[in-house]
Amino acid sequence: MGVRVNMDLWLVTLLNALVWGLLWALLALGLSLIYGTLRALNLAHGAFYMLGALLSWALTPTLSFWGAILAAPAIVGLMGVGLARLLWGKREHDSLTALLLTFGIMLILQQLATIFLQTTTGSLRHSVVSPLRWPIPVGDRFYEGYRLIVAAIAGGVLAGFWGLWSRTRWGCALRAVCDNRALARVVGIPVLWAQAGAFGVGAALAALAGALVGPITREVSPTMGVEVVLVSVLIAVAGGLGSLGGAFAVAFFYSFAENLLTAFADPMLARAGALLAIGLILLIRPQGVGGE
Amino acid sequence: MLTRREFLRTTTAAAMTFWLFGNISRGQAQPIRIGHQLDRTGAVALFGKWHNRALEAAIKLVNDQRGINGRPVELVNSDDAQTKPDVGKDAFEKLVTQKRADFVIGSVFSGTNIATAPIAKSLKTVYFPQGIATEITEKFGNRYVFKSYHTVRAAIEAAHAWAFANLGKRFTIVHSVIDFGRSQAEEWAEKIRAAGGSVQLIPVPFPAPSDLFPIIQRIDLSKTDVLYHAFTAVETARFLQAAFDQNLQSRVKVLGLIEGIDILSTAEPWLEGTYFISGYPRRADQVPEELRDFDREYRRRVGISAEGFSLENPKEVVPIADLFGSWQAVFLIKQAAELVNWRGKADTPALIQALEGLTMPPSVNFPQGAQFLRAQDHLVFHDHYVERVENGRLTVLARLPREQSLYKTSVDYTKEEF
C-alpha cells in the first residue's frame, strides 16, 4: 500500500512538473527570443503574462474561456509589436537603457491594470474558475484534466514555434538578426520589423502562459507577474541569454526541482531550493547552459 | 409702543445673548474623536472598508443616544494603513498627534496591531486592535490595548472539544506562515496533543505559491480525520478549490475559522460540507431567538441583508461577525466613559480601570449577546458557533457558550503602570 501511494505521489508530481515546465518554457523562450533579437532583457515580460491572464479572465464571459485564451495572446502580441516599433523603431538602445525602458513598461502596464480593476470591479484580486472539471484518478489521488490540456496546448505551441524557428524563412531571418543585426540588414532582412515581430511573439507567448495559468493558480491580480518575471529572467539567464534550447532545458530543470522539493522535502524551502539549483548552474557555467 | 431705538437695543441684546450662549454650549459640546486606523489597500482592504462603515453606523447610533456624556462623537479616519505594520503604526501616531483622536479602533491586520501597541501606550491612547492573532492580548499587548472581539486562542478554546467529539482527533493543519495562520496552527497542535490526537503541520509560505497542488499532495489521508486550513480570504478560496480537485471535501472533514471565508459567498461547490468556527451566524435566521431584535437593528444600521450580503450590492458578502469588533468598541468606550464621566485624556486611566472587568448585557449596543471583558488580558469573551455549509448556505450546528472560550492567560495588565 505504502509503495503504491508513493508511486501515485511520484506520478502526479512528475506530471505536474511537466505541465509547469512547459509553462515556464513558454515564458523563458519568449524572454530569450526578445533578448536575442533586441539585446533587451525584457522586465515587462511578467506584465505581459499578467495581461494575458487578466484579458482572458475579462473576455471569458463574452468569448468563452477557449475564445479568450486565443484572443488574449493575440491582443498582447499586437501590443508588443506596437511597443517595439515605438521604442526601438527610431533608434537602438544599449542594454541598460533597454532594461530601464522595459521596467517602465512593466510599471505602466501594472498601474493600468490596477486602475482598470479598481474602477470596474472595486477589487484587485479575482478568482478564476476552471473551464472544466475533469479529475483523472491516479491511484488514490486525482490529477486535474485541465492541466493536461494546458500541457497539450503549451507543448503544441512550443513545437509550432520550434518548427517556424528552424524551418521557415521567417525563422531564418530571426536567427540571422540574433546572430548579427548589421549583416542581416545588409542582406535585406527588415531588421526593425523582425525585432518588433520577435517582441510581439515573445509577449504573446507570455500572455498565453498567463491565460492558461489562471485556472491553475485560480486568481488574477495586477501584481501576479512580479514573481514570474524574476524566475523567468533567472531561467533565461541560466539557459544562456538568447539561447532558446538552453531556456527550454532550464525551464524544465527548475520546474522539476520545485515540484519535487515541495512534494518530498519542505514547501517553505522549495522555491529557494529550486532557485539555488539554478544558481549552481550559473556557478558551473556562467554563460548559461546554451550560452557561448 | 416700541420705539425704533428700544427695538434695536432689545434685538442687539438678544443676538448677543444667543451668540454668547451658543459659544458656551459649543465649548461644552467639544466632540469626542474616535480614530480609525484604516487599511484602504492591501490584503485586508475589504475588511477595512466594512469596519469603517460599521464605525460610522455605531457612531451615528451613539449620537442618536445623546453622544457620550452629552458630547457628540466624531469619526476621524487615518491615512491609508496599507495592510503594512510600519505604515499603520505611523498612521496611528498621526491620528493621535495631528488629528487629535481620543481613542483609536483598527487595523484588521495583526502585524499592524502588534507594531502599534507600544505606540498606543507611549501616547497614552486606548487602542482597540481588530486583528485576531492571540499575541495582541498576550505578550504584545499592554494596559492601553483592548480586544473587543475574539482572538484565535479564544475561538479554538471554545470549539476544540466540539471538534474532537464530532469530527475527529487526527488533524492535518495546512497554514500560512503569517501570524494569523501560524497562531492557529500552534493553538490547535497544543490542544490536539493534549487530547491524545495526532497532528501533521504543513506550513505554506506567504504569499502562497501560485500552484497549491503540490502542497495538497503532502496531506496523508490515511492519518487525517480533519483537514484544518488557516489562510487569509483569497488564499482560503484557492486552497479549498485545490482540495476540491482532490475530492478532499468528501473524504475528510474540512474545518477552519470563519475569518478565512468572511468575505466569500458560500454558494460554491468547493465549500459544500465544510465546517467553520464563527463568532456570530452570517444568516439572520440562524441567530439565536433572543438576539434577533438586536440583530435586525444592527444589520439595518450597517447595511447588511438577512443573508449576510451588502444591501447596496447584493453580490458583496459582509464580514458580519468581524465588524462587531469595531461596533462594540465604540459602545465599550461609551459605557466606560459614562461610568467615570470621562472629560479628556487625563481621565483615561480611570476609563481603563472601568473597562477592566466590564460586563455587557445583550442590547443593540452589544448585539452579539452577553459578554464580559476580562481584566487581566483585556479580552472580550462572547459566544461562538460551529457552522457548516449546507446547500450553499452557512447553517449553525452548535452554539458554544462564552465560558467555554475562557483560557488561562499569561498576563495581567492591571498590574502595569499607566
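This is a predicted model: local features need pLDDT of at least 70, side-chain atom pairs count only at pLDDT 80 or more; totals for chains, interfaces and linings use all residues.
Local features need pLDDT of at least 70 and side-chain atom pairs count only at pLDDT 80 or more, while totals for chains, interfaces and linings use all residues. Residues are numbered from 1 along each chain as its sequence is written, chains are lettered from A and ligands numbered from 1 in the order in which they are written, and side-chain values use heavy atoms, with hydrogens and water left out.

**View 1. Helix 8 and helix 9 of chain A cross at roughly 125°.** The axes of helix 8 (residues 224-239) and helix 9 (residues 244-264) of chain A come within 7 Å, where axes are lines fitted to C-alpha atoms, for helices over the stretch in contact, and angles run from 0 to 180 degrees between N-to-C directions. Helices (H or I, at least four residues) and strands (E, at least two) are DSSP runs, numbered from the N terminus.

**View 2. Three strands of chain B form an open sheet in the order 10-11-12, with antiparallel pairing.** Strand 10 (359-360) and strand 12 (379-381) of chain B each have a single partner strand, so one side of each is left without a neighbour in the sheet; two strands pair if DSSP finds at least two bridges between them. Strand 11 (residues 371-374) of chain B pairs with strand 12 of chain B over three bridges, and B:F372 stands opposite B:F381 in strand 12.

**View 3. A:R218 lies in the loop between helix 7 (191-217) and strand 4 (219-220) of chain A.** With a relative accessible area of 7%, A:R218 is buried, a term for under 20% relative accessible area, with exposed over 50% and partly exposed in between (1.4 Å probe, protein chains only).
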